Structures are given as C-alpha cells and as structure tokens.
Amino acid sequence: FTASPDRVMTETNSSTPDEAFPAVLDLSRNEGELPPDECLEGVLANGPALLRDYVEAGELEVALAEYIGTRPEQVLATTGGDDAIDRILRYHLAPGDELIVPVPTFEMIPAFTRMVDAQLIPVEYEWGAFPLSEILDRVTARTRVVVAVSPDNPTGAAASGQTLIDLATALPEPVVLLVDQAYIEFADEDPTAALLSVPNVLLVRTLSKAWSLAGLRVGYLVG
C-alpha cells in the first residue's frame, strides 16, 4: 500500500483550537481509499464457505511477517489492533501495576488498563514533542508497561524511531514498550525493523486504517 500524499493533504483539518498549532490530520477513522481488489478475491472465489468457518491464522501470520520483514513466529494475528493491545496488557499487568502513556491517547488503552485493575499514569505533552524525559521520570518499581502511539491518535504526531529506541533501552526490566503503529503506513519513517531489534518492544499494527479493512477485524502483534 502506498499512501497518497495528495489525499492526505486534502484531509488536513485547518481549524485547530489554537492558531499556534499546525494543521492536524484527522486520523480517527479509515484513511485509506477503498480496499484493494485483491483483498476481496478470496471472498468472491470461495463464497460463504470462507465466511462461515473458523480460520487458522498461520498463513496470515506468514504473509504479515513477509510484509514487515520478520519471522512468522514473531507475529500473532489478533481480532483487530484492540485485541492485540488487550492481550499485551492482560499478560503484563496485574492489579496495582502501572502503565505510563502520553495523553491524549487512543481511548481503548485507558479502558483495557482499567479492566485489569492497573493504574494509568498519564503524561501531558504538547503536540509534536514526544515526552521522552517526562515518561522516564514517571517510571517506578510498579511500572510494567509504557505505551507510545506513533503516529499518534488523536494528535497525528509521530515520534522518531531513534526516540522510541532510546525510550525502550532506557526502561528497566521488566518494563515493556508497547508501540501502537495503527497509522504507520502514513508516517514519513517506519522504524519497525530497528524497534524489533530491541527485546522489550511490542508492536501493534492493523489492517483497519491504511488498508480500509476495519470490518474484517484483523490486527497483529509483533515482537
């Protein structure tokens, strides 16, 4: 998939709360055009049989691994990106543990944190300036997960790959860095390969946004 710069620019929202802020992209729904025709060929060829049966994810995970340049055993297909985030937080957070996240953020991150009875530690930041030092200052003995949404929902800001690597490597064990990459296909930089070289990084991606396939509920976790 190749994002169209012209189309992205046409979706720029010029009405911001403060003229000091640059125009912000509206990244709240599905930003791709229509799904590619080849995504629908299997449904049309196989008919109802493809839709009524429970699927095995092995072939999909192989294809996703090839797409992002990693090994299939590093990929777990999930029911949308939400499911990937939910699984990570259920695995790494116990009641009383802490999750640190810059805010505002994707609404399901606070929701899933509450569901495991963990504490969300918000870090306020100005749009466009990722709060690396502020996050590290909030890390305590109870911190288990730090979340970075990049490109960010809802601000549209993106942290550089080096910033995310610096954050991950500065975190003490056993803290993991969850990077939500739902909008990575729209970013100027894709730091996936570099991030996967850091053992405490978990990436969440989806087919809902750039691929316009939200109705299929296909996400994946990479680590």
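Buried means under 20% relative accessible area, exposed means over 50%, and partly exposed lies in between (1.4 Å probe, protein chains only). The model is predicted: local features need pLDDT of at least 70, side-chain atom pairs count only at pLDDT 80 or more, and totals for chains, interfaces and linings use all residues. Residues are numbered from 1 along each chain as its sequence is written, and side-chain values use heavy atoms, with hydrogens and water left out. Helices (H or I, at least four residues) and strands (E, at least two) are DSSP runs, numbered from the N terminus.

**Salt bridges**

- The structure holds 5 salt bridges, each a side-chain nitrogen of Lys or Arg within 4 Å of a carboxyl oxygen of Asp or Glu.
- Side chains of opposite charge can pair when their charged atoms come close.
- One of the bridges joins D83 and R87, with the closest N and O atoms 3.2 Å apart.
- D83 and R87 sit 4 residues apart in helix α5 (residues 80–92), so about one helical turn separates them.
- R87 is partly exposed at 39% relative accessibility, whereas D83 is buried at 16%.
- R205 bridges to E185, and their closest N and O atoms are 3.6 Å apart.
- R205 belongs to strand β8 (residues 201–206) and E185 to the loop between β7 (176–180) and α9 (192–195), so the pair ties together parts 20 residues apart in sequence.
- Both ends are buried: R205 has 2% relative accessibility and E185 has 14%.
- R71 pairs with E73, the closest N and O atoms being 2.9 Å apart.
- R71 is partly exposed at 47% relative accessibility, and E73 is exposed at 61%.

- G161, L164, I165, L167 and A168 are buried in helix α8 (residues 161–170).
- These residues lie on the same side of α8, because they cover an arc of only 160° around the axis; the arc is that of the directions from the helix axis to the C-beta atoms.
- The buried residues of α8 pack against α7 (132–138), β6 (143–149), β7, α9 and β8, where contact means heavy atoms within 4.5 Å.

**Nonpolar cores**

- A nonpolar core is a set of buried Ala, Val, Leu, Ile, Met, Phe, Trp, Tyr and Cys residues joined through side-chain atoms within 4.5 Å.
- The largest has 31 residues, of which V146, L177, V201, L203, Y220 and V222 touch the most other members.
- α4 (58–68), β5 (119–124), β6, α8, β7, β8 and β9 (218–222) each supply at least two residues of this core.
- Its largest share, 4 residues, comes from α8.
- Leaving aside residues up to four places away in sequence, L177 touches V146, A148, L164, L167, A168, L171, N200, V201 and L202.
- A second, separate core of 21 residues includes I88, F106, V145 and V147.

**Strand β4**

- Strand β4 (residues 98–103) is largely enclosed by the rest of the structure, because 6 of its 6 residues are buried.
- In a regular strand the side chains alternate between the two faces of the sheet.
- From β4, E98, I100 and P102 point one way and L99, V101 and V103 the other, and all are buried.
- β4 pairs with β5 in the parallel sense over 6 bridges; strands pair if DSSP finds at least two bridges between them.
- P102 stands opposite V123 in β5.
- β4 also pairs with β6 in the parallel sense, over 3 bridges, and L99 stands opposite V145 in β6.
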